[in-house]
Amino acid sequence: MKNRVLKEVIEWVLVVVVAVALAYLVNHFIIVNAVVPSSSMETTIMTGDRVIGLRFAYNFSEPERGDIMIFKFPDDESKLYIKRLIGLPGETVEIKDGKVYIDGEVLDEPYLTVTTEGNYGPYTVPEGHYFMLGDNRNKSADSRFWNNTYLEREKIVGKAVIKYWPGFKGL
């Protein structure tokens, strides 16, 4: 009887240890879990939404304009930010009359629900860097306002792919 109880306890401990190890590995090497603290990405992602990003999304391909990324904030790497990739390396980004221009061409942005106030730029994105904007431009602390204007490639944590709380939604 005593050996059976000890064997059962050991089995449960092993199950818990394996579960914790798997959760750690998944959370540190496969996905990144993020909570959106502000309205900067509304209406695509709302304040308080929870988002999962894939850490390995850019291991075999380059980021693309329009991707929603989770990254270390360039001015304080202890914070994670979520913004949309707008400017790619070597491009010139300018915001005027409520529209974003990439190398002089208007960017089609069907995800926006309000017109951007103010004129910004031009910004020429250095190699290995990106220009990031929130979807709610008038309430977004993004590349236009950071001390370190551009996001370095190495600071990207993952590509946001799913909003899972409240409710599921692909991004």
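Predicted model: local features only at pLDDT ≥ 70, side-chain atom pairs only at ≥ 80, totals over all residues.
Trainee: Let's start with the rings. How many aromatic pairs are there in the whole structure?

Mentor: A search of the whole structure turns up 8 aromatic pairs. One of them is Phe-71 with Tyr-81, a tilted pair at 6.3 Å centre to centre with 55° between the planes.

Trainee: Where do Phe-71 and Tyr-81 sit in the chain?

Mentor: Phe-71 is in strand E3 (residues 68-72) and Tyr-81 is in strand E4 (residues 80-87), so the two are 10 residues apart and the pair links distant parts of the chain.

Trainee: Is Phe-71 buried or exposed?

Mentor: Phe-71 is buried, because its relative accessible area is 0% and the cut-off for buried is under 20%.

Trainee: What about Phe-131, which ring does it pair with?

Mentor: Phe-131 pairs with Tyr-150, and that pair is tilted, with 6.3 Å centre to centre and 55° between the planes. Phe-131 lies in strand E9 (residues 129-133), while Tyr-150 is in the loop between E9 and strand E10 (151-152), so the pair ties together parts that are 19 residues apart in sequence. Phe-131 is buried at 0% relative accessible area, and Tyr-150 is buried at 19%.

Trainee: Switching to charges. How many salt bridges does the structure hold?

Mentor: There are 9 salt bridges. Among them is Arg-84 with Asp-135, where the closest N and O atoms are 2.8 Å apart. Arg-84 lies in strand E4 and Asp-135 in the loop between E9 and E10, so this pair ties together parts 51 residues apart in sequence.

Trainee: Are Arg-84 and Asp-135 buried or exposed?

Mentor: Both Arg-84 and Asp-135 are buried. Arg-84 also lies over the face of Tyr-111, at 3.6 Å from the ring centre.

Trainee: Which residue makes a salt bridge with Glu-77?

Mentor: That's Lys-155, with the closest N and O atoms 3.0 Å apart. Lys-155 is in the loop between E10 and strand E11 (156-165) and Glu-77 is in the loop between E3 and E4, so the bridge ties together parts 78 residues apart in sequence. Lys-155 is buried at 18% relative accessible area, whereas Glu-77 is partly exposed at 41%.

Trainee: And what does Asp-76 do?

Mentor: The Asp-76 side chain meets that of Lys-79 in a salt bridge, 3.9 Å from N to O. Asp-76 is partly exposed at 27%, and Lys-79 is partly exposed at 42%.

Trainee: OK, strands. In what order do the 4 strands of the open sheet run?

Mentor: The order is E7-E6-E5-E8, with antiparallel pairing. Strand E7 (105-106) and strand E8 (120-124) are the edge strands, each pairing on one side only.

Trainee: How many bridges join E6 to E7?

Mentor: 2 bridges join strand E6 (residues 99-102) to E7. Tyr-101 stands opposite Val-106 in E7, and the charged end of Lys-96 sits over the Tyr-101 ring, 5.0 Å from its centre.

Trainee: Last one: which residues make the nonpolar surface patch?

Mentor: Val-18, Leu-22, Tyr-24, Leu-25, Val-26, Phe-29, Ile-30 and Phe-56 make a patch of about 740 Å². Leu-22 is in helix H1 (residues 2-30), and Leu-25 lies in helix H1 too. Leu-25 is partly exposed, with a relative accessible area of 42%.

Notes. Residues numbered from 1 in each chain as written. Heavy atoms only, no water. Patch = residues over 30% accessible without salt bridge, like charges linked within 9 Å, V, L, I, M, F, W, Y side chains within 5 Å. Areas by Shrake-Rupley, 256 points an atom, 1.4 Å probe, with all protein chains shown as cover. Salt bridge = Lys/Arg side-chain N within 4 Å of Asp/Glu carboxyl O. Pairing = 2+ DSSP bridges. Phe/Tyr/Trp six-rings, centres within 6.5 Å; stacked < 30°, edge-to-face > 60°. Buried < 20%, exposed > 50% of the residue type's maximum accessible area, 1.4 Å probe, protein only. Lys NZ or Arg CZ within 6 Å of the ring centre and 35° of its normal.
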